[in-house]
Amino acid sequence: MDEQKNKTEDYHRFEEYIKEHQYYKEQQKVTIRFATMKAMLNAAWSIVDLYDYMDKNNLVYGGNPKQAIWFHPLTGHINLRDTLNFMDVNDELEEENYSELTAPEVIQNKSMHYTRDGQNWSLAVLLYEFFYHNDGPYKGIASAMQSFLNPNEEYSWMAEQGIFNMSDESQENRPIRGVQDSLLKYWGMFPSVLQDAFTKTFVEGKKHPEKRLTPYEWKKIINQLKTSYIECQCGYKHFIVKFEKNLEGHWCCPKCKKIYYIFSNGDDEIYLTTDTVIKRNQFYPKESDNGESIGMVVENTKQKGLFGIKNISNETWVGIYPDNMEKSIEPGGGIPIWQGLKIMLPDGQQWKIQGEQK
């Protein structure tokens, strides 16, 4: 079944997704989109994972990744069609035309070598186009009013004078309605953690390359998006920020009122409900998403309506009750879901069930 779903001819190019390209299949018009939000976020993870691989191996991509990256619409599985353009970090830049993926310092001749900073810029632009179906962070009203003789002139202007088109600090280069409607539509669809990441990169990171997000930092953000996208059993699907808050400060489904308890380590959150399975990469964001489950919410067999977290990993956790009493949670063991309860992992992380008070 998986082989059938991931047939090579079913993959589509990166640019076909961001342009929402249409074609005819069996006399039916088809728009190239991901079938589900889960598939889209899997695809985003795959992009970041590719760049993380290059970062760890001192490699950069010398070609145009938008032409090399293909995705499957049902799963988000990535297929890299061109593996011949990997270059070593610090290799001299080849003579070629610029693109929207080219870092500003390269366009301004401040760097003549492939660098991690340049690679981080390329990744951010790629993700910006991926999520918001647009032509880059500096296309807007101000850029449209310029007269460019060729693309390189446009990229030079963007590197020197370009203003981030979704910046809160300036209205000068806002997206053009009727032309960049997709950017305006999708910008508010995703949680603010994504907006903040792009704003940091394209405002501060333009002049200060060290402030650009690394593949590892992007992995944490994509993990947060994957965790916060909830598919409730009643059929309601959205990011958790679109849910309602109960009196204890936990989230609940606006349709069926099912409660999603906030389980947080201070930086990241997991949302616990009756059918939640905790993945390893949710507890350890630095690790790749290999599908391994290490915890799950289960109902107490002796007391109906009482739920707890069961340890299904091969590690021992420590449960810390609100009165600071500790309990060892061996593999196969569990602990009830109570307000104020904490679980300490072997690496010292502490995750706490704590609602966000208004």
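Visitor: Where is Thr316 found?
Guide: Thr316 is found in the loop that runs between strand E16 (307-311) and strand E17 (317-320). Please keep in mind that this is a predicted model.

Visitor: Is Thr316 buried, exposed or partly exposed?
Guide: The relative accessible area of Thr316 is 34%, so this residue is partly exposed.

Visitor: And which residues does Thr316 touch, not counting those up to four places away in sequence?
Guide: With those neighbours set aside, Thr316 touches Asn311, Ser328, Ile329, Glu330, Pro331 and Pro346.

Visitor: What separates the C-alpha atoms of Thr316 and His238?
Guide: A distance of 33 Å lies between these two C-alpha atoms, and the residues are 78 apart along the chain.

Visitor: Let us turn to the helices. At what angle do the axes of H6 and H11 cross?
Guide: Helix H6 (residues 116-132) and helix H11 (residues 215-228) have axes that cross at roughly 20 degrees and come within 11 Å. Angles under 35 degrees count as roughly parallel, and H6 and H11 are therefore roughly parallel to each other.

Visitor: Which residues meet there, in H6 and in H11?
Guide: From H6, the residues are Asn120, Leu123, Ala124, Leu127 and Phe131; in H11 they meet Pro215, Trp218, Ile222 and Leu225. This contact of H6 with H11 involves eight nonpolar residues, one polar residue and no charged ones.

Visitor: How many residues has the largest nonpolar core?
Guide: The largest nonpolar core has 59 residues, and those with the most contacts inside it are Phe130, Phe131, Tyr132, Phe198 and Trp218. Helix H3 (residues 37-56) gives the most to this core, contributing 12 residues.

Visitor: What is Phe198 in contact with, leaving aside neighbours within four places in sequence?
Guide: On that basis, Phe198 is in contact with Ala124, Leu127, Tyr128, Phe131, Tyr132, Phe164 and Trp218. There is also a second, separate core of 19 residues, which includes Ile278, Phe283, Tyr284 and Ile294.

Visitor: And Gln195, is that buried or exposed?
Guide: Gln195 is buried, with a relative accessible area of 18%. The residue has its place in helix H10 (residues 192-207). Apart from neighbours within four places in sequence, Gln195 is in contact with Tyr132, Trp187, Gly188 and Phe190.

Visitor: Changing topic, how many disulfides does the structure hold?
Guide: The structure holds zero disulfides.

Visitor: One last topic, the backbone. What is phi of Gln27?
Guide: Phi of Gln27 is near 65 degrees, which is a positive value in a residue other than glycine. Gln27 lies in the loop between strand E2 (22-25) and strand E3 (28-31), and counts as exposed at 75% relative accessibility.

Visitor: What about phi of Asn58?
Guide: Asn58, likewise a residue other than glycine, has a positive phi near 55 degrees. Asn58 is found in the loop between H3 and strand E4 (59-61), and with 41% relative accessibility it counts as partly exposed.

Note on methods: Residues numbered from 1 in each chain as written. Predicted model: local features only at pLDDT ≥ 70, side-chain atom pairs only at ≥ 80, totals over all residues. Heavy atoms only, no water. Axes fitted to C-alpha atoms, helices over the stretch in contact; angles between N-to-C directions. Helix = DSSP H or I, 4+ residues; strand = E, 2+ residues; numbered from the N terminus. Parallel < 35°, antiparallel > 145°, perpendicular 65-115°, else oblique. Contact = heavy atoms within 4.5 Å. Nonpolar A, V, L, I, M, F, W, Y, C, P; charged D, E, K, R; others polar. Core = buried A, V, L, I, M, F, W, Y, C linked by side-chain atoms within 4.5 Å. Buried < 20%, exposed > 50% of the residue type's maximum accessible area, 1.4 Å probe, protein only. Disulfide = S-S within 2.5 Å.
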